[in-house]
Amino acid sequence: MADSQSLPEPPPPAHPALALNDVVHQRVRLAILTVLSETRECTFSTLRDELKLTDGNLNRHLRILEQASLLQVVKGYEGRRPTTWLRLTRQGRAALRAEIAALEQLVSRVRDASTAHLDSDTDAP
């Protein structure tokens, strides 16, 4: 038999900003993951040139992403030239999707708040 008392209300959802991943959210690392999500693999030099980074700066961010298992670094040769290929891992794709979802929720909240303020603040600048 059902209890006539009502259940307590669930707590409000956490703010979407709390879902942002510090490793992924950093501007350069987010750009790296985004570029890698657009292709199966990418060379170090292509990524460096696309994002206009120095070798050292790109290397630092790649190490952080690799340590977090978000990308795979494969070193080899293209002909006789040493080449480094970069690939997004499944975990990296999932982290990027989660980051984008959190960002979309933030954008939605801002848009909703802006609309609510426009509707209620007719005298506001």
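Guide: Begin with a cut-off: a residue is called buried when its relative accessible area is under 20%. Keep in mind that this is a predicted model.

Visitor: Which residues of H4 are buried?

Guide: Leu 58, His 61, Leu 62 and Leu 65 are the buried residues of H4. They lie on the same side of H4, because they cover an arc of only 105° around the axis. The general idea is this: an α-helix has 3.6 residues a turn, so residues three or four places apart point the same way.

Visitor: What covers the buried residues of H4?

Guide: The cover includes helix H1 (22-25), H2, H3, S2 and S3.

Visitor: How many residues does H4 have, and what span does it reach?

Guide: H4 has 13 residues and reaches 18 Å from its first C-alpha to its last, close to the 18 Å expected at 1.5 Å a residue. Just after H4, Ser 69 takes a positive phi of about 60°.

Visitor: How should I read a nonpolar core?

Guide: In soluble globular proteins, nonpolar side chains tend to be buried together. Here the largest nonpolar core has 20 residues, and those with the most contacts inside it include Leu 58, Leu 62 and Leu 71. Helix H2 (27-37), helix H3 (44-51), helix H4 (55-67), S3 and helix H5 (90-120) each supply at least two residues of this core. H2 gives the largest share, 6 residues.

Visitor: Which residues is Leu 71 in contact with, leaving aside its neighbours within four places in sequence?

Guide: Among them are Ile 32 and Leu 36, Leu 62 and Leu 65, and also Leu 86 and Leu 88. In the strand pairing, Leu 71 stands opposite Leu 88 in S3.

Visitor: How do the strands pair?

Guide: Strand S2 (residues 71-78) and S3 run antiparallel and are joined by 8 bridges. Two residues separate these strands in their hairpin, where Gly 79 takes a positive phi near 70°. Strand S1 (residues 42-43) also pairs with strand S3 (residues 81-88) in the antiparallel sense, over 2 bridges. In that pairing Cys 42 stands opposite Leu 86.

Visitor: Is Thr 83 buried or exposed?

Guide: Thr 83, which is found in strand S3, is buried, with a relative accessible area of 10%. Its side chain reaches the backbone oxygen of Arg 81 at 3.2 Å. Leaving aside neighbours within four places in sequence, Thr 83 is in contact with residues including Thr 43, Val 74 and Tyr 77.

Technical notes
Residues numbered from 1 in each chain as written. Predicted model: local features only at pLDDT ≥ 70, side-chain atom pairs only at ≥ 80, totals over all residues. Heavy atoms only, no water. Pairing = 2+ DSSP bridges. Helix = DSSP H or I, 4+ residues; strand = E, 2+ residues; numbered from the N terminus. Core = buried A, V, L, I, M, F, W, Y, C linked by side-chain atoms within 4.5 Å. Buried < 20%, exposed > 50% of the residue type's maximum accessible area, 1.4 Å probe, protein only. Contact = heavy atoms within 4.5 Å. Expected span 1.5 Å × (residues − 1). Arc of directions from axis to C-beta. Polar contact = N/O pair within 3.5 Å; in protein donor to acceptor, adjacent residues only side chain to side chain.
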